[in-house]
Amino acid sequence: MEQKLYRMLGVELYCKFIIKVKKRFDKWRGRQETDNYFLKDYSYEGIVYLKNQLIKNGKIHMVGVLVCFPCLFLGDRIWIQLIALLVLLHNLYCVMIQRYHLIRINALLERRKIRGKSSLY
């Protein structure tokens with residue numbers, strides 16, 4: 001249910017947009033720092049590593065949400081409020097992206113756990 005809501009809000013499209021922008025920025029800079037965005041391999045350790053990175057990234061973006069939210073109301077200039085709104089929306093969508101992927105990863109880990117138990121018998 002939660003994933004359907006995220007899809008309706010355009011989280012998948014925003015994720016593709018962010019990844020495309022990030023890859024161009026990395027190319028422009030000449031180095032890549034997107035290791036925590038993608039699955040390294042399909043091993044259990046690789047999946048758990050990505051899950052931990054998603055949680056870490058979600059916390060970072062949640063701080064952005066919590067910092068920008070008061071700025072919407074406390075900013076005394078409209079341009080400050082507008083920038084705060086844009087940063088708030090970006091961070092909010094990033095939190096939703098992390099949550100969207102966490103749901104999928106947790107389901108994958110659960111399937112692996114069930115499959116591992118059934119293969120023992």
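Q: What relative accessibility does lysine 113 have?
A: In this predicted model, lysine 113 counts as partly exposed. That label sits between buried (under 20% relative accessible area) and exposed (over 50%), using a 1.4 Å probe and protein chains only. The value for lysine 113 is 45%.

Q: Which residue meets lysine 113 in a salt bridge?
A: A salt bridge here is a side-chain nitrogen of Lys or Arg within 4 Å of a carboxyl oxygen of Asp or Glu. For lysine 113 the N to O distance is 3.9 Å. The partner is glutamate 110.

Q: Which helix holds both glutamate 110 and lysine 113?
A: Helices are DSSP runs (H or I, at least four residues), while strands are E runs of at least two, and both are numbered from the N terminus. Glutamate 110 and lysine 113 are 3 residues apart, about one turn of the helix. Their helix covers residues 78–118 and is α4.

Q: Which residues do salt bridges that share partners join into one network?
A: Side chains of opposite charge can pair when their charged atoms come close. In this network, the joined residues are Lys22, Asp26 and Arg29.

Q: How is the model read, and how are its residues numbered?
A: Local features need pLDDT of at least 70 and side-chain atom pairs count only at pLDDT 80 or more, while totals for chains, interfaces and linings use all residues. Side-chain values use heavy atoms, leaving out hydrogens and water, and along each chain, as its sequence is written, residues are numbered from 1.

Q: How many salt bridges does a search of the whole structure find?
A: One of them pairs glutamate 12 with arginine 7 at 3.6 Å, N to O. Glutamate 12 is partly exposed at 33%, and arginine 7 is partly exposed too, at 40%. The search of the whole structure finds 6.
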